[in-house]
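Dear colleague,

I am handing over the structure we spoke about, and my notes on the ligand site and on one further residue follow below it.

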Amino acid sequence: MKVLKPLAAALLATAAFTTAAAACEITLKSSDTHPDGYPTVEAVKHMGKLLEERTNGKICVEVYHSKQLGEEKDTIEQTKFGVIDLNRVSMGPFNNLVEETKVVSLPYVFKGVDHMHRVMDGPIGEDILKAFEPHGYVGLAYYDGGSRSFYNSVKPIQSIDDLAGMKVRVMQSDIFVDMMSALGANATPLPYGEVYSSIQTGVIDGAENNWPSYESSGHYEVAGYYTLDEHLIVPEVLVMSKVTWDKLSPEDQKAVRQAAKDSVPVMRDLWQAREKASEEKVRAAGVEVITEIDKEPFMAAMDSVYEKHVTSDKLKDLVARIRATD
Ligand code: GTR
């Protein structure tokens with residue numbers, strides 16, 4: 001038996017590694033607005049790992065984090081055309097495309113994060129996932145987006161009155177614009193990546209998001225008042241382009257679906273840990289957190305948003321089913 005010299009052995013090892021990487025017959029390009037290490041980014045990486053193992057290296061996933069492929073609205077469009085294969089986004093920017101996603105973007109529609117999980121893990125969640133398909137996307141799984149609350153650079157918001165006339169960035173969906181009007185504020189729909197500089201330059205007074213986004217985006221550095229009114233619990237979704245999906249064999253489609261589902265518990269653990277870590281980090285940085293807030297007036301102000309957006313029987317039924325879920 002021939003014994004290889006160390007250098008030759010090392011070269012062979014490199015070659016074997018390269019061959020293994022190149023052996024991926026299909027490499028799925030996945031987009032995320034968040035930075036490396038963020039729970040959603042890590043969850044999709046985990047899904048890729050599972051997929052690679054289970055298909056013996058045939059299908060791999062490459063995650064392009066930190067909005068390398070663009071802002072969410074643009075990447076959603078590119079995903080439709082198969083330029084991007086997988087996309088992890090909030091359901092918010094899907095509102096104007098897939099009507100059913102509106103119901104989970106309604107303020108205070110969920111009683112809390114646990115309620116959201118029960119709804120999305122059950123038949124209502126399944127129905128909404130299926131609703132993506134006629135629009136060119138295959139809904140694969142839901143991830144966490146926590147509760148979203150207001151932050152700003154001007155003053156602590158203690159009640160709705162403090163929001164009057166404030167310029168607040170929202171995600172690009174009509175529901176959120178109307179939500180802000182109902183609260184007496186001025187909504188400014190903007191891509192996520194423009195929020196930091198817009199607060200810094202005073203174009204807007206603030207925005208709204210969950211702990212991990214507030215922290216990882218650095219928004220807390222320029223908007224140091226955070227009010228835990230928790231007006232939105234918008235789940236996040238992982239979708240695949242229907243163009244890509246249709247190119248996969250039924251067996252591979254099954255593997256993709258399963259790997260996505262199996263990444264959810266991992267995501268939830270990562271999310272819980274990150275929520276705590278982010279909260280600690282922004283509190284340590286001196287952010288003023290307003291926890292004593294009466295949510296009732298905020299909830300009561302939302303009637304007009306429901307009246308305007310929950311008009312079709314389909315949406316009325318979904319809202320009623322969500323409310324009837326314990
Ligand atoms: C984050 C969410 C992103 C994006 C962002 C935003 O919480 O994870 O997908 O929607 O909010 O406000 O645009």
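How far is an oxygen atom of the ligand from an N or O atom in the side chain of histidine 34? The distance is 2.7 Å, a polar contact (a pair of N or O atoms within 3.5 Å). This is a predicted model, in which local features need pLDDT of at least 70 and side-chain atom pairs count only at pLDDT 80 or more, while totals for chains, interfaces and linings use all residues. Residues are numbered from 1 along each chain as its sequence is written, and side-chain values use heavy atoms, with hydrogens and water left out.

The residues around the ligand (a heavy atom within 4 Å) include Arg88, Arg148, Tyr192 and Asn209.

A polar atom of the threonine 325 side chain is 2.8 Å from the backbone oxygen of arginine 321. Leaving aside neighbours within four places in sequence, threonine 325 is in contact (heavy atoms within 4.5 Å) with Lys111, His115, Val119 and Ile124.

Best wishes

Notes
A polar contact is a pair of N or O atoms within 3.5 Å; within protein, one must be able to donate a hydrogen and the other to accept it, and residues adjacent in sequence count only if both atoms are side-chain atoms.
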